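Load the model in a viewer and keep the selection panel at hand.

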Amino acid sequence: MSETLFDIQVLVNGMLRNGRVPARRLLSDFLRHDLQLTGTHVGCEHGVCGACTVLLNGKAVRACLLFAVSVDRQEIVTVEGLKNVDGTLGAVQQAFHECHGLQCGFCTPGFLTTVSAFLDENPHPTEEEAREAIAGNLCRCTGYQNIVKSVMRAAEIRSLAKS
Amino acid sequence: MKPAPFEYVHPTSREGVLAALAESGEDGKVLAGGQSLIPLLSMRLASPKILVDINQVPEFSSLKVTPSHVEIGATVRHEELLNSVEARKAVPLLAQALSYVAHPVIRNRGTCVGSIAHADPSGELTAVLSLLDGVVTVESRRGSREVNGVDFFVGPLESAIKPGEVATRVSFARLPSQMGTSCTEVARRHGDYALVGVCVAILLTDEELVDRARIALFSVGPTPIVIDVSEMLRGSRSDCQRWQDAARFIASSVEPETDIHASAAYRRNLVEVLSNKGLKDAYESALKRMREGQ
């Protein structure tokens with residue numbers, strides 16, 4: 001059976017990208033396979049691990065729990081879009097680097113996007129709020145201590161940058 | 001882990017959705033937030049022939065808090081309802097229960113009406129609907145009908161929605177100012193499916209004594225179980241032995257099952273412990289509401 005293809009246009013990391021996809025193409029696969037944006041990782045592919053988290057119109061969502069066709073004419077930010085305009089590490093990336101918030105790095109893209117959206121809404125979180133914010137992301141290396149530190153540090157870097 | 005092929009339609013109006021569902025009949029399935037449906041498709045536990053995406057219908061995203069009701073449209077996301085101060089004032093149980101629904105990232109996309117239509121027996125919102133007897137508006141091209149919360153759940157993952165129909169709205173009556181509510185659950189991991197959960201609503205008299213008390217249990221049976229313990233608790237205050245007796249009575253009147261997550265005996269124990277806590281929390285919440293005069 002030949003599948004119907006849909007033409008979609010998505011604003012990804014500030015660039016307008018066109019695609020032609022079957023309806024069942026997951027957003028995570030669209031980003032990785034069609035757009036070659038392999039920073040978004042695919043772990044469990046059923047919404048549990050959080051590795052594929054991206055921002056849809058500024059809100060963190062699971063890319064494996066969305067069809068690419070349903071984000072037509074909407075805005076996506078992936079981990080590739082978190083760097084500063086001059087190409088240096090963004091605040092959250094910098095914080096994870098400084099605090100050793102990653103080991104193998106597989107889960108990291110999901111943490112970076114989740115934490116970025118979280119700090120947009122809550123720029124000065126408590127440690128408890130930081131833990132709650134990352135509760136939906138699995139990391140099997142770090143034991144989370146350094147990730148929590150990274151979230152707190154990212155908040156600090158962001159508020160320093162603003163002052 | 002990829003969904004099987006399906007036909008996809010994304011109408012932009014209510015009429016378009018109803019026409020697409022009428023045409024697809026048994027083969028059609030509604031896609032709202034997709035946070036439960038898409039995993040089922042990816043694991044190929046479900047493979048509907050036609051998906052009707054309702055996310056592009058502007059009127060379905062309406063959340064209204066009127067003097068008498070909270071009316072939740074079909075594509076209102078969990079997070080939006082959770083963050084609505086007005087809705088929280090009118091029906092505090094909604095926010096109390098929503099904070100247990102998955103994680104914030106899932107709640108950004110998942111819909112409240114979808115959680116109810118999915119009829120998962122471990123869903124927090126299914127218990128809220130049953131306890132407060134919310135009303136689900138179900139529409140098809142033949143017309144619209146309203147289903148009361150008590151009649152909505154037929155079995156696990158099975159609701160009163162028939163092929164060709166879609167739940168377009170769920171509405172809850174504003175709670176009286178002398179009513180308090182609570183939601184509490186135990187899960188292996190926060191955000192995961194509850195092993196057992198309870199929602200409670202307690203109505204107080206002017207003298208701050210219990211007048212009515214009802215509890216809804218989830219993850220305990222094929223559908224939410226509502227038990228009225230008003231007779232046992234009428235006239236009580238929070239420091240009374242009768243709370244423990246009521247919790248014991250609730251635990252003795254359910255027949256939970258053993259599965260890989262928990263044994264029946266453990267679940268029954270959880271029902272007692274959580275009922276006791278939930279009843280007291282709801283009583284405290286009622287006192288607070290009365291004193292704040294909401």
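Start with Ile72(B), which stands opposite Val170(B) in strand 10 of chain B. This is a predicted model: local features need pLDDT of at least 70, side-chain atom pairs count only at pLDDT 80 or more, and totals for chains, interfaces and linings use all residues. Residues are numbered from 1 along each chain as its sequence is written, with chains lettered from A and ligands numbered from 1 in the order in which they are written.

Next, select strand 5 (residues 69-73) of chain B together with strand 10 of chain B: the two run antiparallel and are joined by five bridges. Strands here are DSSP runs of E, at least two residues, numbered from the N terminus; two of them pair if DSSP finds at least two bridges between them.

Now select residues 166-173 of chain B, the whole of strand 10. Six of its eight residues are buried (20 or more other C-beta atoms within 10 Å of the residue's own, C-beta atoms being placed from the backbone).

Move to the contact between the chains. Chain A gives 22 residues and chain B 23 residues, where contact means C-beta atoms, placed from the backbone, within 7 Å. On the side of chain A that touches chain B, strand 4 (residues 59-62) of chain A supplies the largest share, four residues.

Last, colour chain A by domain: domain 1 covers 5-81 and domain 2 covers 83-162, with bounds from an automatic or database domain assignment. Their centres, taken over C-alpha atoms, are 21 Å apart.

Terms used:
Contact = placed C-beta atoms within 7 Å. Buried ≥ 20, exposed ≤ 12 C-beta atoms within 10 Å, placed from the backbone.
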